[in-house]
Amino acid sequence: MTKIALQNIRHSYLGSPQTDGDFAIKHINTVFEDGGAYALLGPSGCGKTTLLGIVSGLISPTSGRILFDGEDITRVDTIHRHIAQVFQFPVIYDTMTVFDNLAFPLRNRKVPESDIKARVLDVAKMLDLEEGIHRRAASLTVDGKQKISLGRGLVREDVNVMMFDEPLTVIDQNMKWELRSKLKELHQNVRTTMIYVTHDQTEALTFADEVLVMYEGRVVQSGTPVELFEKPRHTFVGYFIGSPGMNIFPCQISGETVEFSGLPIECDNQIQGIRSLQDSQAITEIGIRPEYVRFSNQGIPVRICRVDDLGRHQLVHVEHEHHAIKLICPEDAPIPEGSACVRFEKSRTFLYADKWLAGEGSQS
Amino acid sequence: MINKTIRQSAWLFVVPVVLLVAFNALIPLMTVVNYAFQETFGDNVFFWEGLTWFEQVLNSDRFHDAFLRQIMFTSIILLIEVPLGIAIALSMPRKGPWVSVCLVLMALPLLIPWNVVGAMWNIFALPDIGLLGYSLNSMGIDYNFTQQPISAWATMILMDVWHWTSLVVLLAYAGLTAIPEAYYQAARIDGASKWAVFKWIQLPKMKRVLTIAILLRFMDSFMIYTELIVLTGGGPGNSTTLLSIDLVKLALGQFDLGPAAAMSLIYFFIVLLICWVFYTLMMKNEKQ
Amino acid sequence: MRNSNRSVSIPLHQRLVPAVYILFLMLPIYWLLSMSFKTTNEILGGFSFFPQDFTLENYMEIFTDPTWYRGYLNSITYVVINTVISVTVALPAAYAFSRYRFLGDKHLFFWLLTNRMAPPAVFALPFFQLYAAIDLYDTHIAVALAHCLFNIPLAVWILEGFMSGVPKQLDEMAYIDGYSFPQFFVRIFMPAIASGIGVAAFFCFMYSWVEMLLSKTLTSVAAKSIAATMTRTASTAGYELGLLAAAGALTIIPGAIVIYFVRNYIARGFSLGRV
């Protein structure tokens with residue numbers, strides 16, 4: 001069991017990177033505690049697969065260190081890191097049986113055949129693969145194959161961390177649910193550190209205890225799903241998590257107040273925020289989740305554009321001087337027609353400077 | 001695999017191909033069959049001979065010898081070219097500027113006319129003035145492919161390896177480059193040795209293209225004619241007279257059209273039979 | 001991808017394998033070139049690794065003597081005709097095999113392939129009689145048609161492989177968008193399998209260019225192929241090795257040009273769409 005620490009990791013695929021833009025991983029410092037379930041969430045090209053490769057040792061970082069339980073393993077080869085990985089599409093050895101597939105990592109490590117048998121049958125049982133265990137692995141369905149790739153990690157007892165690289169991409173919708181709950185259940189049973197890479201927020205939020213949101217080669221925020229939702233540290237987190245994402249508007253600072261097209265807005269982080277912004281040329285924005293925008297008698301005058309009925313609630317699109325604002329209202333709430341006023345809940349309204357939550361400083 | 005719709009009118013698409021191939025295949029084949037079962041003294045007068053020619057060919061030592069030589073030649077070149085081709089493909093870099101250069105240079109022998117291949121190797125192997133022959137002899141190896149059957153065989157096999165190994169390399173390489181990187185990564189994580197990677201990933205993934213390579217090499221080596229006639233002319237003696245050369249000697253050299261036609265049919269039938277057996281075995285293997 | 005390459009990295013001593021192999025391939029070609037720049041006297045005089053008495057005389061003779069250079073032109077003519085015919089008729093047939101089931105389709109496909117297995121030596125004489133009978137003997141078209149025997153099956157087979165890799169949805173989408181079949185085939189489908197067409201054309205060119213038994217049998221004067229021309233050096237004009245070498249060296253050029261054009265397809269295309 002292992003605690004994994006990434007220290008000042010930078011990585012570029014170019015031979016001699018010049019600017020920040022040449023780096024796929026710009027600067028990452030993070031710790032994966034032993035036995036945790038983590039998700040790396042971000043859009044394609046944000047560097048999450050690269051980061052996974054760095055942990056597994058398939059990629060060696062341009063600079064920075066990786067520690068497993070305090071021991072520097074940056075230059076240690078994959079096989080000695082004792083990791084397991086499940087790839088986007090199932091990687092199985094077509095010509096072997098299911099049993100031989102599961103036994104393969106153990107046989108390569110010269111485990112006695114009697115131990116192998118017990119271990120493989122154990123894992124096959126865990127994954128519901130017992131039936132047809134002596135059939136050719138190639139004859140299985142995609143989800144069965146993906147279970148085999150998962151099983152090859154589970155059979156080994158020395159695994160420090162199990163990693164998943166968008167493992168459900170090619171799985172049918174209804175099987176996705178089953179595999180996802182299977183994973184969660186496995187994590188509770190085996191208590192191995194798991195890192196799950198995905199661009200799907202539902203997968204990340206349901207699987208992980210802690211989600212690391214990645215954007216343009218950085219971890220912009222890490223925290224529990226609730227933290228990410230309630231207090232995004234970066235406008236990207238606000239936009240990427242939640243459905244629909246956060247409302248984000250440009251704003252001006254005049255003296256001690258924050259103004260949105262001339263109207264004063266109260267923000268949760270206003271005081272530290274404005275202090276940290278003094279004398280800076282930062283671009284300022286405010287962010288508020290649609291869940292915390294309310295209709296009221298006074299406030300920001302808006303024109304109602306459209307109402308979408310989403311079942312348990314309604315999504316209302318309104319407009320204030322060409323700024324589109326979204327609100328989420330309960331399903332039975334009356335929606336005013338034509339024009340109305342909206343109000344932002346103060347404790348849920350945040351001031352951002354250059355995309356980062358003002359007053360907290362950027363992580364890097 | 002695509003689900004195919006049943007549509008008889010698709011025949012229309014196939015008609016031009018069928019006509020062209022049938023024209024070239026069926027009419028000459030009928031001619032061969034005509035000669036094979038009948039005796040002619042010219043003027044389109046034929047006498048029914050039945051299976052006489054077939055019996056004659058099948059019982060002749062000459063055919064047996066040519067057939068044995070053919071089997072030996074084909075087996076040797078398959079045993080050399082297939083493993084060698086795979087080994088070279090495995091040693092090639094996967095990407096980079098050198099890949100194209102290597103592939104182009106390797107493909108070069110495939111596009112040299114077969115008589116030129118024969119002539120080139122003849123000049124190359126000449127014992128007194130050829131680079132190969134001269135070098136071997138000056139190293140103290142007694143080598144003369146126009147006189148010694150062993151030398152002739154060695155030259156013939158070396159020529160075929162030179163000529164055709166690249167086909168195996170190109171096909172195997174195409175198979176290798178199609179293997180997704182994740183397979184290699186998974187194998188490293190599973191702690192697989194190089195040999196295990198080859199046995200469980202690379203070889204299974206190359207199976208289809210290797211089947212094609214082996215089939216093509218089998219067929220073409222069984223039909224080899226032009227290169228050999230230019231290189232050795234079937235000699236010294238009859239030592240390198242393989243089936244095609246024997247057939248042409250019989251048909252055009254001696255003008256024994258009946259036995260030649262019978263032999264043609266037997267020859268064609270053998271190629272078909274071996275290909276069919278080979279193909280069926282491979283397909284069965286794949287289905288399991 | 002500097003580092004992710006490591007899993008297929010190849011140790012230095014193994015990298016020498018292709019280099020040694022290419023050296024082996026180049027030796028006979030070098031020798032052919034070297035011979036082509038030597039005079040007959042030098043060749044017969046004894047062994048020399050480099051031409052001592054460098055001469056272009058052999059090449060001059062080929063370029064000035066019409067019987068020589070016409071051999072090349074004749075060969076190229078029938079090869080091009082054959083490639084065009086083979087690919088053109090193979091395209092619709094391969095489409096039918098890859099998309100539809102029809103009466104006898106499997107047997108027909110196998111029968112086509114068996115023709116690829118027919119030894120040319122078997123057919124040489126009957127071909128001579130056939131093309132003489134229909135008055136096509138000694139024409140380019142005769143050789144081009146004869147080579148169809150093994151090139152059409154090959155082209156159909158290669159193209160079928162590539163076409164099966166194209167999802168059927170492409171066809172259906174095109175019909176929904178209102179394309180007629182010929183429009184769809186030419187404007188949408190053919191570009192989608194362009195690399196397949198390139199590879200099929202390459203193989204047709206290759207087998208037609210290198211085949212010498214049928215082309216020699218079917219021509220005598222007017223469409224005489226380079227193979228037939230080259231046999232002349234051995235017989236009538238005495239044993240002129242230098243001239244033979246020069247003629248041989250020149251036959252490598254068309255092939256080299258064709259390879260150069262398909263160099264980017266070689267790595268993948270040679271799998272014939274069947275990986």
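1. Start with B:Thr5, which sits opposite C:Tyr100 in strand 1 of chain C. The strands involved are strand 1 (residues 5-6) of chain B and strand 1 (residues 100-101) of chain C, paired in the parallel sense over 2 bridges. For the terms: strands (E, at least two residues) and helices (H or I, at least four) are DSSP runs numbered from the N terminus, and two strands pair if DSSP finds at least two bridges between them.

2. A word on the source: this is a predicted model, where local features need pLDDT of at least 70, side-chain atom pairs count only at pLDDT 80 or more, and totals for chains, interfaces and linings use all residues. Residues are numbered from 1 along each chain as its sequence is written, with chains lettered from A and ligands numbered from 1 in the order in which they are written.

3. Now the B–C interface: 80 residues of chain B meet 87 residues of chain C, contact being C-beta atoms, placed from the backbone, within 7 Å. Helix 1 (residues 11-37) of chain B supplies the largest share of chain B's side, 13 residues.

4. Chain C splits into domain 1 (10-55) and domain 2 (65-269), with bounds from an automatic or database domain assignment. Their centres, taken over C-alpha atoms, are 31 Å apart. Between them, 8 residues of domain 1 of chain C are in contact with 7 residues of domain 2 of chain C. On the domain 1 side, helix 1 of chain C gives the largest share, 4 residues.

5. Over to chain A, which has 10 helices and 22 strands. Its C-alpha atoms fill a box of roughly 75 × 50 × 30 Å along the principal axes. Of contacts in chain A between residues at least 6 apart in sequence, 66% join residues at least 24 apart.

6. One sheet in chain A is worth a look: an open one of 5 strands, order 16-20-17-18-19, with antiparallel pairing. Strand 16 (293-296) and strand 19 (323-330) of chain A are at the edges with a single partner strand each, so one side of each has no neighbour in the sheet. A:Arg303 has A:Ser339 in strand 20 of chain A as its bridge partner.

Conventions: Contact = placed C-beta atoms within 7 Å.
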